[in-house]
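Please read the points below with the sequence and the model open beside them. They take the contact between the chains before the fold of one chain.

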Amino acid sequence: MMLLPPAKRRRKSAAVYIPDDISEQVLLRLPVKSILRFRTVCKSWRAMIAEPRFVRLQLQMSESRRPSMLILLLGNMDPHGWMDRIRFIGYLGYGKVAQLVHERVCSSGVAVWTRPLQCDGLILAATAWSPSDIYVCNPATREFFELPAVTPDVLDGFQKVGFGVDPWTVEHKVVQCLMRDSNKDFTSYSNGCEVFTLGSRA
Amino acid sequence: MAAATDDAGDSNEMIRVVSSDGEHFEMPEAAANLSLVLRHMIEDDCADAAGIPLAVVAAKPLAKIVDYCTKHAAKSSGLTIEEAEELKRFDAEFIEVDTDMLYDLLVAADFMGVEGLSKLAVQRTADLIKGKTPEQNRETFGIVNDFTPEEEEEICKENEWAFQITKPPSRLC
């Protein structure tokens with residue numbers, strides 16, 4: 001991964017060859033929006049930005065900054081017309097006006113959400129009643145995933161879901177605990193657990 | 001000569017360095033110690049009257065780096081709030097340079113292992129380019145676009161919102 005070797009430089013004023021590790025340091029200090037945009041600068045930049053190493057360093061870097069995004073989950077209980085959507089609201093600090101930066105409408109309609117979970121800046125939003133719709137979103141990149149359908153829970157229908165990082169594989173995982181089936185008086189039942197693994201960049 | 005000193009601040013020894021274009025500079029040992037490369041050279045007894053040669057650092061950026069290190073070494077420990085503020089102001093003014101000098105400093109500070117200055121130059125570069133278009137960035141860094149227009153279009157589509165810049169750009173994507 002190289003920028004241009006000095007001999008091939010086009011312009012005299014860009015008189016320095018910037019080594020990759022310095023370009024990386026510069027890119028790490030950019031807002032996510034700029035990072036996404038600069039993937040089109042050249043192939044070596046795009047490759048650098050896609051590397052797990054870059055993603056990890058960028059995450060460490062952003063953890064030291066103050067959060068600037070508010071996530072609102074809106075269900076049927078909220079004023080009509082706002083239903084069933086997730087809103088990302090940017091907030092740059094005290095005294096600044098918060099702005100709606102992104103909005104995502106969920107396809108099937110949502111009555112009630114569970115309390116959202118977060119891990120490494122990713123937000124997991126699940127609808128409360130099983131079999132629930134589970135969404136994972138990355139407010140920084142505005143990516144939004146809907147997880148595959150989960151098996152319904154026969155106990156109380158209330159969604160029991162966890163979200164975290166597997167320290168061995170460094171993958172993000174979503175865990176759903178449920179009662180698969182039972183007899184009428186719950187004296188004989190079988191419990192279960194479903195684990196979803198998100199892609200490493202998810 | 002200069003043996004490794006644990007108490008660099010008390011050392012009055014002057015360290016001489018020579019730029020790639022043959023200019024000589026002097027700075028206190030405490031200042032030179034802010035550069036990892038120079039510190040190792042001093043510890044290995046390589047600092048002599050002829051000066052430590054820095055083969056890839058030209059006189060212009062080297063003069064700036066000597067300034068930076070001298071200022072920071074004089075104020076390295078036990079800073080009062082006012083002194084810390086003053087040092088911050090010094091840094092802010094120090095890094096107000098044209099892009100050529102900025103890139104010289106980026107590379108030279110990295111080469112010499114002057115951590116504080118590296119961070120300062122990296123942050124300044126990031127501040128300069130963050131609102132720019134990819135094309136403006138290629139120009140700044142002297143990078144040739146090795147994507148086909150189709151490939152470029154494809155990446156743009158993945159995160160279209162990131163290509164909407166509020167300032168008037170010459171070319172968006």
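**Note on the predicted model**

1. Chain B touches chain A through 39 of its residues, which meet 32 residues of chain A; contact here means heavy atoms within 4.5 Å. This is a predicted model, in which local features need pLDDT of at least 70 and side-chain atom pairs count only at pLDDT 80 or more, while totals for chains, interfaces and linings use all residues. Residues are numbered from 1 along each chain as its sequence is written, chains are lettered from A and ligands numbered from 1 in the order in which they are written, and side-chain values use heavy atoms, with hydrogens and water left out.

2. The size of an interface is often given as the accessible area lost when the parts come together. Between chain B and chain A about 3400 Å² is buried, 67% of it on carbon and sulfur atoms. Buried area is the accessible area (1.4 Å probe) that two parts lose on being put together, summed over both.

3. Which residues form the salt bridge between the chains? Lys43(A) pairs with Glu151(B), and their closest N and O atoms are 3.9 Å apart.

4. On the side of chain B that touches chain A, the elements giving two or more residues are helices H5 (99-112), H6 (115-129), H7 (134-141) and H8 (149-158) of chain B. The residues on that side comprise 17 nonpolar, 10 polar and 12 charged. Ala, Val, Leu, Ile, Met, Phe, Trp, Tyr, Cys and Pro count as nonpolar, Asp, Glu, Lys and Arg as charged, and the others, Gly among them, as polar.

5. Chain B holds 8 helices and 3 strands, in the order β-β-α-α-β-α-α-α-α-α-α from the N terminus. Helices (H or I, at least four residues) and strands (E, at least two) are DSSP runs, numbered from the N terminus.

6. The strands of chain B make an open sheet in the order E2-E1-E3, with mixed pairing. E2 and E3 of chain B are the edge strands, each with a single partner, so one side of each has no neighbour in the sheet. Two strands pair if DSSP finds at least two bridges between them.

7. E1 (residues 14-18) and E2 (residues 24-28) of chain B run antiparallel, joined by 5 bridges. Met14(B) has Pro28(B) as its bridge partner. The two strands form a hairpin with 5 residues between them, and Gly22(B) in the turn has a positive phi of about 85°. E1(B) also pairs with E3 (residues 52-53) of chain B, in the parallel sense over 2 bridges. There Val17(B) is partnered by Ile52(B), and Val18(B) stands opposite Pro53(B).

8. Leaving aside residues up to four places away in sequence, Ser35(B) touches Met112(B), Gly113(B) and Val114(B).

Note on methods. Salt bridge = Lys/Arg side-chain N within 4 Å of Asp/Glu carboxyl O.
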